Structure formats: structure tokens, C-alpha cells
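Good morning, and thank you for coming.

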Amino acid sequence: MCVLCNGSVLQVHWTDRKTKNLSQSTMQKAGETQRSRMRERHIRIRQSNKILSVYGLKLSDWTGSKYILTDKKGRTEIVQDLGVLWTIVEKLLGTPIDPLDPKLMNELLPESTRIGEEDKWEKNEK
Amino acid sequence: MGKKRKVTVITGFLGSGKTTLLTHLLKGPSLKNTAVLVNEFGKVGLDHHLLRRIDERTLLLGGGCLCCSVREDLVNALRELLDNDHRGDIEPLERIVIETSGLADPAPILFTVLTDSVLQHHLTVDQVIVTVDAVNGQFHLDRQNESVKQVAAADKIIITKTDMASENEVELLASRLLTINPSAEIIKSIHGNIDNHQLFAPNEKVKSTPLISLVESNSFQGKHAPAARSISLTFDQPLDWSAFGLWLSMLLHARGEEILRVKGMIDVGEDGPVMLNGVQHIIHPPEHLDEWSDEDKRSHIVFIMRSIDPEQILSSLHAFQNILGSRASIREPVEVL
């Protein structure tokens, strides 16, 4: 339970368990890991946006504890952690996502190695 | 608060010798502070002061797949045990052994223990032990999907009834099991005769022995239609934990039902590796080790999946390479016995 936002956090997602022994110890010093935690949140947001930009979505930080996902029409959704991120992405998109999708994989490759880029140019010239 | 109590799951196909194994275990003195949950009191007289019976009642969560279902019976039984323990009615618990029925999928049990709001703070899943019958094991693997699932979820595989099958048969079975699940440790036994220490010792195979590669896995195709395939990968650079979590959570979200198992040691650029262990959608809380056990400090990850081409995993990782900051490659082929 978070005393500030009144949100009850029943489950810590496994991707948020980077800090050692977080789950084992019941003692936590206030602010102990705060700085690195914020830094990691920003890194994660930047990484997520690399993938999400392919779908035209954008993730941003919200109050340092949750995330906000926005699409280009301005619709927004609150995201608790990575466990629900992909479900909400699908909700906004209306289609399923898949990291094994060849289209997505192609978009993520560096531009020089992308397949099909040259074909696009040829079509434009014609 | 003290240490978390360990949960060991014993599963295996119908008649593969789970109860025999358990009977033998209960005779030993090492199970003193252990509670045992069994599915049915069989004809074999199990005698233990902390023996409980559970009916398999599954509660499917709305919208969830089968592996993300809560075993209501198990929650009740485990909470009751914890209650008794806290009140001091029974001797302090160190371990709880859960024996499943032969057709049970181990995934819901893990899901239950790892996500229940009370249980997750008191229990940790230690390992999944799977018994496979030396005589009928091959047949079960061919015909029964449950059997393949059980093997994929295993940390340790006990080949039982080895006295009733020829040595050749046992070896064939062992190599087939390793193809399905390269990360499992295989123990052979007769009449459930097994050293308790060996059984409950942690499986450190991911880090110690070389794993079989994709090449090996595919060589079985001629003989059996592959119900499950595995790929083991290594990464040349330390992996970025949050990027890898992003990729894996996306993969499990999209293909969780087809990914039977993920297991590995990941170098996240700290002193020690992170142990990753997952069955279908369910990822155990990652464990951070203080140091590497040997010289090889690269990340190793094994994926066991059905109906996904292992090559797809590799090319997806290559596509995400920019974000991950490390390039994946298949581990060099190693001779199997």
C-alpha cells in the first residue's frame, strides 16, 4: 500500500526487482535507492519508447510511481508496471502485439540493415 | 521475520512413481520439519505427522490463460499450515512438499504460491521435481502433452524404474529429456531410492555444465514430432536488465502459452549474475547472486517452447539488439551422452 497515492500494490513485478534483497528484507531505509530508482525509470521509459514509437505510442513518467501511456489521438492510460503495459498497449492499439513479428523486428533494426527500404525508394521514383 | 519456507513440487505422469519416491523420502529423517500435501491417499501407506490431503480445485482468473489460474485448494491448505506454524501448534516448518496428480500442470501451482497476497511473503518455490518412468516415459512424451509440460517445468528429473528397462532405453530417454529441457538435472533411481540431500540440493546446472544447443535439439525431429524445442543462447556483453525485462515481458505477454520455460544466468554488469527462472507466464522473483561460480561470466539463457521456431527468438533478439546493448548467439554444440 502506498500511503501517498492510496494505491495498493499487491504484487511487485519481476522486472522491478533489480535491487538486491528487496523482496527478502522487510527493513528499508527511506530514500536509500531513490536516486538510482528514478534514473532507472527514465532509462526504462526511453527504452520502451523506442519500441512503442513503432506503434505511435508514447510512455511517460507519472508522479515517479506510475507511467502514462499516450497515443497520437491524445487518449491516455495509467500503467502500473511492465506486467500490464503490453495489455494496455493492445487496448489502445486494438490489435495484438508480438516481439516475434517480422514487421516490428524490421522497424527496430538500424536503418542501413533494414529489409525493403530500397524497394520503397524505387516505387517512389516510378 | 524469518526466512521464507521452501516449497518443493513433485509431479510426474500417472504411474511414474511419485508416491514411491515420496514414501521413500518420508522414511528418511531429513523431512522432520517438512509438511507434505498430497493429492490422494493411495493404497501405499504414507505415514507422516504433517500429511495433508488437497482436492485439486482450480479457480480460473477472469481473462487469464490456464497457467495463470489460482489453485484455491492449495491456497487454503497452505494458509492453514502457515497459521498452525505461526501459532506454534506444529514444529517450525522449513519445507513444504506438494505432490500433484499425474495429469496436473505445475504452472498453476507456481502461480498460486508466487502471487497469493499472503503466501508470496512466506513461501518461495524451491524447485520442481518431475518423475519420468523409464519403461513408459517415451510413450507418455509422444502421446501426452501434460508429460512434456511437466518435463519442461522441471528443475530435476528423476528417471524411475530403471531396473525394469534396459540401459540403452534409459540412456535414450535421458538424452530425449535433455533435449526438451537442457537445464534440468537428471537422476536415475530404483524403487524411489534416492539420496535426500541430492534431491533437495539446488540445481546449479545452468552455470556448471555446458548445455546442448539448437543443432542437437533438431536432430530428434526425424524420430519424433517435436512437442517441445529448446534453444540456449549466450550474450557477448552484459545485458541491460530493464531492456531485457522489457523484451521478455513483451514476449511472455504475446507468446506465454507457447514458451514452456525460461531459465538462465544473466550478467547485468554487477558483481554476480541474476538467476532467471520462469514457467510460462510466471517468472520467479529473480535471485541476485554475490559472485559467479566459474570463469565463464557470459549470460546464458535457455528457452523451451512449442510451436515457435527457435530461430525467431534469435532474430527477435537481434532486432532488439540496439536496446539490449548486447548481441545474442547460439551456444556452441556440445556432445551429449
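Predicted model: local features only at pLDDT ≥ 70, side-chain atom pairs only at ≥ 80, totals over all residues.

**The interface and the sheet of chain A**

Between chain A and chain B there are seven residue pairs in polar contact, both residues being at pLDDT 80 or more. A polar contact is a pair of N or O atoms within 3.5 Å; within protein, one must be able to donate a hydrogen and the other to accept it, and residues adjacent in sequence count only if both atoms are side-chain atoms.

On the side of chain A that touches chain B, the elements giving two or more residues are helix 1 (34–52), helix 2 (82–93) and helix 3 (102–108) of chain A. Helices (H or I, at least four residues) and strands (E, at least two) are DSSP runs, numbered from the N terminus. Helix 1 of chain A gives the most to this side, namely six residues.

Residues are numbered from 1 along each chain as its sequence is written, chains are lettered from A and ligands numbered from 1 in the order in which they are written, and side-chain values use heavy atoms, with hydrogens and water left out.

How many residues of each chain are in contact? The contact, meaning heavy atoms within 4.5 Å, involves 32 residues of chain A and 38 residues of chain B.

One salt bridge is counted between chain A and chain B; the term means a side-chain nitrogen of Lys or Arg within 4 Å of a carboxyl oxygen of Asp or Glu. Its partners are D98(A) and R255(B), at 2.6 Å from N to O.

Let us turn to the sheet. Chain A has an open sheet of three strands in the order 1-2-3, with antiparallel pairing; two strands pair if DSSP finds at least two bridges between them. Strand 1 (57–62) and strand 3 (76–79) of chain A are the edge strands, each pairing on one side only. Strand 2 (residues 66–71) of chain A is joined to strand 3 of chain A by four bridges, and Y67(A) stands opposite V79(A) in strand 3.

Finally, D61(A) forms a salt bridge with R41(A), with the closest N and O atoms 2.7 Å apart. Because D61(A) lies in strand 1 of chain A and R41(A) in helix 1 of chain A, the pair ties together parts that are 20 residues apart in sequence.
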